[in-house]
Amino acid sequence: MSRDTRAATHGAWIGPLCAVVGTLGFSFKAILIKLAYAWTAIDAITLLALRMLYSIPFYAVIAWWFGRGRPAPTRADWTAIAWLGFIGYYLSSFLDFVGLLYISASLERLILFLYPTIVVLLSAALHRKPITRRIGAALALSYAGIALVIRHDFDVSGDALATLTGGGLVFAAACTYSLYFVGAGGVIGRLGSSRFIALAMLVSAFFVLSQFALTRRFSALAEPAAVQGVAFGMAVFVTVVPTWLLAEAIKRMGANHASLVGSLGPVFTIALGASILGEPLHALQLFGAALVLAGVILVTRPAAARDGGSAG
């Protein structure tokens, strides 16, 4: 066995490990948000503002690092960055944070996981891409699964209105993120994914902090240390670090395999919600989650194999 072959074999575990740890990191987001809501009477925009304040230095460094020696973004690029940062990271995150006031972490994760199916529907509507019989079956599986999970949450919470309100807000977050996903391809191709994401996150931080400044007192940021820790954790360990880990996983093992590992995200969140938040588990919920996972995998696997994009 050659030295290169031995090195490749020895390092074969790195890609899967990055994918699993990155997916686990993203899965903690809803858990941390629910913990913050449980520990203090913090509102969604204040928690989001704290997260962004802790994120800004990291994304500023990333934008500088990946922009070294490269042309500055054009005016058209900045227009796209501003729009996509607004809709994909500010508006989507705000709707998601508010939605988690009403629904469980596991339901939130499953609804957000539907975004590839929304991308398919948007592509069909905007670009007249046909929906094949396989994709139609995948969509039916996904939304039947969500209906079952929502039915489970109706029974557990006893408040159908709250479940529908929270579920609707999170679904709107998935829709806005899908619009971002559909529209981001061109500017990512020009700037590179890491640089674009960092700039879009900095733009979204501007919108978040502007909303906070217009609607809250700055003293509202003086939350207890536990909430500050949650906000820092959301900024670093469930956003910046997992983004890098999944990018590394895609580079090492390919988008198709990485996306399959990414499909474990809702499973991780359901398990974390039960163990950390005490969210109840039921066979109906697990069956619905299995249908959602199956449907989304059917939607994403062909796309990932064809164009090399991440389906996570």
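Here is a short walk through the model, one selection at a time.

Before you start clicking, note that this is a predicted model, where local features need pLDDT of at least 70, side-chain atom pairs count only at pLDDT 80 or more, and totals for chains, interfaces and linings use all residues. Residues are numbered from 1 along each chain as its sequence is written, and side-chain values use heavy atoms, with hydrogens and water left out.

**Stop 1: helix α3**

Select 29-39, which is α3. Helices here are DSSP runs of H or I, at least four residues, numbered from the N terminus. Of the 11 residues of α3, 9 are buried, so the helix is largely enclosed by the rest of the structure. Buried means under 20% relative accessible area, exposed over 50%, and partly exposed in between (1.4 Å probe, protein chains only). The buried ones are K29, A30, I31, L32, I33, K34, L35, A36 and Y37. To see what covers them, show α2, α4, α5, α6 (105-112), α12 and α14 (265-277), which are among the covering elements.

Now pick out K29 in α3. It counts as buried because its relative accessibility is 16%. Leaving aside residues up to four places away in sequence, K29 touches D96, E108, L112, M234 and V238; contact means heavy atoms within 4.5 Å.

**Stop 2: the cores**

Move along to Y37. Its contacts, again skipping residues up to four places away in sequence, are I42, D43, A44, L47, F97, V98, L100 and L101. Y37 also belongs to the largest nonpolar core, which has 47 residues; Y37, L47, F97, F196 and M234 touch the most other members. Such a core is a set of buried Ala, Val, Leu, Ile, Met, Phe, Trp, Tyr and Cys residues joined through side-chain atoms within 4.5 Å. A second, separate core has 22 residues, including L95, L114, A174 and V292.

**Stop 3**

W13 sits in the loop between α1 (3-10) and α2 (14-27).

**Stop 4: a loop residue**

Finish at A72, in the loop between α4 and α5. At 60% relative accessibility, A72 counts as exposed.

Technical notes:
Helices (H or I, at least four residues) and strands (E, at least two) are DSSP runs, numbered from the N terminus.
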